[in-house]
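Thanks for making the time this morning.

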Amino acid sequence: MTAAVTDLIQQVEPFVAADVGAIIQGITGRTGRRHSQLMRAYGTRIVGGVSPYSDVDEVDGVAIFRNCSEAVSATGATASVVMVPPLAVLAAIREAISAGIKLIVTIAEGVPAADAVAALEAVRAAGVRWIGPSTPGLAIPGVLKLGFLPDVSLAPGPLGVMAKSGTLSYEVCHRLVGRGFGQSLWVGVGGDAVKGTRFADVLPFMLADPKTRGIVVIGEIGGSEEEELAAAMMALRCTKPVFALIAGRTAREGVTMGHAGALILGNAGTIDSKIDALVGAGAHVFTRIQELVDAVTAGLEFEPGENTCC
């Protein structure tokens, strides 16, 4: 187990480990059922599901409980993947917290900003790690995934990946895996303005992890997250190479972007402000996927005997 994962475990109990028990809130829905199957096939230990309105006792061999408290009491689960509609996310988070869940991953897009603010206050007060909203999840390749990161883009390797955009990160990681570079930890932080985990929150874990030799950041215009990451890199004296992709160079002014976090206020949140901040902190910054992939493969050389992804 990596030092980064160990550090996380010390903060939020056994939250990402090979034997972590996870429940699925909303498992009886089409999305919950399908991705429960895929997570189990990848090796994640799904120990139960929560569905307050279902009469079934199990789904594909996974026991169904009426609420999180019953599920945690029966299974000892410490993680939950929430696959409920956006307006139900806040209630699901509060229920998971009250049951003692230590890691919550919420998939839904369109969570109201006021609900996200309330959820953030709740998880911080409880010392719970929240990934989301609007996230594809997180993965430690070869160990587990919580969410729907595509298997074709996952492989064990030396890169820590943090991403706002799920789709862009899938493509970047797929190309890197094809070059022999997999991931040590992949966290989809989501593109919303209010979220549980931001780039700067992920950085310390990747810096502490001896298996993470390089960091890949998938960002985009809008918000201040990349600038916050740059400040954290300088504050923590980041010595690992950071390769960042910032999407949105050709976005038209005044056109609504798909992510709720893609807001530009004055000079803050522009592509130039992000590039300047990250370059100033020592990152290698790109606006095209292939340029980033080529730079990563040229900038990181495998050490003799290193276990790579392919």
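Which kind of contact do the side chains of E226 and K274 make when they meet? They meet in a salt bridge, with 2.4 Å from N to O, where the term stands for a side-chain nitrogen of Lys or Arg within 4 Å of a carboxyl oxygen of Asp or Glu. This pair links distant parts of the chain, since E226 sits in helix α8 (residues 225-235) and K274 in helix α9 (residues 271-280), 48 residues apart.

Before I go further, let me say that this is a predicted model, in which local features need pLDDT of at least 70 and side-chain atom pairs count only at pLDDT 80 or more, while totals for chains, interfaces and linings use all residues. Residues are numbered from 1 along each chain as its sequence is written, and side-chain values use heavy atoms, with hydrogens and water left out.

Coming back to the pair, E226 counts as buried at 0% relative accessibility, and K274 is likewise buried at 0%; here buried means under 20% relative accessible area, exposed means over 50%, and partly exposed lies in between, with a 1.4 Å probe and protein chains only. K274 also meets the side chain of E227 in a salt bridge, at 3.1 Å from N to O, and that pair again joins helix α9 to helix α8, over 47 residues. Taken with K164, the residues E226, E227 and K274 are linked in a network of salt bridges, and the structure holds 10 salt bridges.

E171 is partly exposed at 31%, and R175 is partly exposed at 30%.

Helix α6 (residues 166-178) leads us to the strands, because β10, α6 and β11 make a right-handed β-α-β unit, right-handed meaning that, with the strands pointing away from the viewer, the path from the first strand over the helix to the second runs clockwise. Helices (H or I, at least four residues) and strands (E, at least two) are DSSP runs, numbered from the N terminus, and two strands pair if DSSP finds at least two bridges between them. Strand β10 (residues 156-163) runs parallel to β11 (residues 183-188), joined by 6 bridges, with V161 opposite W186. β10 also pairs in the parallel sense with β12 (residues 214-220), over 5 bridges. Of the 8 residues of β10, 7 are buried, so the strand is largely enclosed by the rest of the structure.

Elsewhere, 7 strands form an open sheet of mixed pairing, in the order β3-β4-β2-β1-β5-β6-β7. β3 (58-59) and β7 (129-131) stand at its edges, each with a single partner strand, so one side of each is left without a neighbour in the sheet. Within this sheet, β5 (residues 79-82) and β6 (residues 103-106) run parallel and are joined by 4 bridges, with V81 opposite V105.

To finish with the whole chain, there are 10 helices and 14 strands, and buried residues make up 55% of the 310 residues.
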